Every structure is written in structure tokens, then in C-alpha cells.
Amino acid sequence: MAKAPSRRPTPKVRIPKSRVPKRGGGGGAKSSLGVGLITAAGTLGVFVAAALIGLWVVYWGPGPSAREGEATIVTLPSGAGVSAIAANLKSAGVIRSTDLFRAAVSLSGADRKIRAGEYEVPSGASLATVVGLLVDGKAVRHYVTLPEGWSSAQAVDILMKQPVLTGEVEVPPEGSLWPDTYEVSRGETRASVVARMQRAATSKLAALWAQRSPNTIVTTPEEAMVLASIVEKETGLASERPQVAAVFTNRLRLGMRLESDPTIVYGVTKGRPLGRGIRASELRAQTPWNTYLIDGLPPTPIANPGEEALKAVLNPPRSEYVFFVADGTGGHVFARTYPEHLLNVARWREIERRKAGLPPGQTASVPGAATTPMGEGAVVETPAGAAVITMNPGPAR
């Protein structure tokens, strides 16, 4: 049998070790790249953290010190944009950077909430504090108050003493201002505040006139203002105003003179305090306002009356009283007849004597001064209008 041919053995090929790749040879490159990325990320993180810390310090840290005093006044006009506001704050010295302010209000959404007004920024206030003030609207608010019964000359004095207002203003007509508290803005003119007071007076008087009672003695809004000003000056007690208004209403109906002390004072001072008792010479002085010498109402109000005095004049209660005098407690005692009134005056004399520490029979007085039947003291003589007051007038009609 023939033998099958035998296979020749495959020759072995030797490859140099230097040319055989090592197992896992690509992992080294990848590891280096990863370390690099981690290092870069760490470095970037440090920068980001540093930036965030810097922003935190700028936003929450102390701001600029005030140039003068403990605070800086900044006024933000209505309608101003963020850039204009930032420039205003930077110019005033309350922020260091307009860019950081714009970024802060934009990122926080405060740019849509900032309110106009005058702000008092504390010295060293942080940017966060400044933004908070503007967003919360914690603006400085200024007010002027015209008290009831104060004259127009006194109103001008009040306005001139308010430092945030500007400009000069003439004394407006008496009775043309409405007593109230008014909010004013820095830089506003005094004339504009007076105009506001006058608009309020016109509006309020018209509303009250429309609600007048048929019992009122006045025939025009102007007369109401005149009589109300006298009522306002005669008593400081709100509860007494209707009764005082009734007394003057009764006097006018009976054709009697009003005989009101404040009208004498107004003729002397034109609306400023007298600071002493009325002199006998002033009682007899011929002035357009001296209701001891003139019939009816004086030509103008003697003050700026308030709402309650006007209501009392326009809606007087029915009353028989035609006299009143101080009672020693801050109020007045009312009388229907002149003899009754004289008894009340005698009681008032005794109260004044005791207050002055004088012996019985001696009357407290001021040199050169005299008090009047409707005033707060002794009667020196029966005034001209008193002759028709000895009767009991009966209920007002």
C-alpha cells in the first residue's frame, strides 16, 4: 500500500519583541487626557468660585460712605429707566458701579419693581440694601399741615419753614386754603402747594354747600366761609362749634352785631397771634373786621376754617342762646339774655382772679387791655349792639 504523503511542519516566524504591542497600551493616553480635564475643571471652578465670592462681597458688602453726614438723599424721577437710575445713584455716590447695579437689578427682576421717589440711603449701604430700598419703595415722605383756624399768613409761614420746598409765595386770600395735611416732594414749589390747598377748599366748600340746611343764615358759599372762620376762632372745642354757630346765627337774624373778639384781633394783626389781651383802644378801633362796630359779617374770613366749623354754620341747631363766655375749663357757658350773660361774666372774673392769686374784689387785668362781653374776661362797657339783646329772642326761625 502506498503511504499518504506527510505534511511538512509550518516554519515558525519570530517577531522582535520591540514590535509587539503591549496589552492595554492605549489606556495611558486616555488617562492623561482625563487628568488634564479634571485639572482644568478644577481650575475653572476655582475661578468661578472666586468670581461668585467677589460678586457676593460687592452685592452684600459695605458700599461707599456718604459724602456728608450719615446718609445720602437721592431722588429718582418718575419714568426713569434703569440706566438713568444707575447713573443717578453713581453720581450721588451710593453705588460704585453702574454695570454691577444694572446686572443686579436685571438678574433679580428688580428692574421692573423700582419705584420713583426720594430715598435716604445710609452711609456704607450695600448694593443689596440700595436695591431693596428702591424695590420696597421706602421713599422719604414730606408733609406740611395747615391746622384748622390758622390764617393764610400763618400758612405761608409753615410753607417757608419747609426746606424741601422751593420759591417764594404771596399770602393768598384769607379763607381760600383748606386745612389739612399735604404730602409734598423735594423741589416742589410753595406756589404749587398753595394751589393744591385752594383747589381742595373750592371742592370741599362746594360739596358742603350742596348739603346745607334751610336753617342756615348765610346766603352764599363766601358768607359761609366768613362766618365759619369766626366760629373756628371762637372755640377750640369741636363739640361747641354747632352751639357757637347757633349763637351767631341768632344774632344775625335779630339784627345784632356779632361782637366777636377774634374779629378785633384780625383787624390788628391780619391773621397773626396778638399775644396779649385786647386793648380798649383796639375795641373801639374802626377796622373792616371789628364786629363790635360793623353790622353783619366782615368783608373777608379771618382764618381758614375747617370742615366741622363749616358744617356747623351750614347746619346750625335750633337754639335760644345769643351770648357765651369762657367757663374756665377751656369751654364756654351760653346765655339767652344779657343779664344772664353778665352773671356768667362775673363767674369768669372770679375764676381769673383766683388763677392770678388776687384778693377778693380785685380783677385780673393786663395794663391797657380790656375784655369784651363775648370774650374771655370782664365787661368794660355795654357795646352798641347789646341794647337789643335784653329781650328773650325765643326759638330761632
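Student: Which word tells how helix 2 and helix 3 lie to each other?

Tutor: This is a predicted model, in which local features need pLDDT of at least 70 and side-chain atom pairs pLDDT 80 or more, while totals for chains, interfaces and linings use all residues. Residues are numbered from 1 along each chain as its sequence is written, and side-chain values use heavy atoms, without hydrogens and water. The axes (lines fitted to C-alpha atoms over the stretch in contact, with angles from 0 to 180 degrees between N-to-C directions) of helix 2 (residues 82-92) and helix 3 (residues 98-108) cross at roughly 135° and come within 9 Å. Under 35 degrees is roughly parallel, over 145 roughly antiparallel, 65 to 115 roughly perpendicular and the rest oblique, so helix 2 and helix 3 are oblique.

Student: Which residues of helix 3 meet helix 2?

Tutor: Contact means heavy atoms within 4.5 Å. On the helix 2 side are Val82, Ser83, Ile85, Ala86, Ala87, Leu89 and Lys90, and they meet Thr98, Phe101, Arg102 and Val105.

Student: How many residues of that contact of helix 2 with helix 3 are nonpolar?

Tutor: Ala, Val, Leu, Ile, Met, Phe, Trp, Tyr, Cys and Pro count as nonpolar, Asp, Glu, Lys and Arg as charged, and the others, Gly among them, as polar. Two residues are polar and two charged, and the nonpolar ones number seven.

Student: Against which helices do the buried residues of helix 11 pack?

Tutor: In helix 11 (residues 307-314), Ala309, Leu310, Ala312, Val313 and Leu314 are buried (under 20% relative accessible area, 1.4 Å probe, protein chains only). These buried residues pack against helix 6 (190-209), helix 7 (221-234) and helix 8 (241-253).

Definitions and conventions:
Helix = DSSP H or I, 4+ residues; strand = E, 2+ residues; numbered from the N terminus. Buried < 20%, exposed > 50% of the residue type's maximum accessible area, 1.4 Å probe, protein only.
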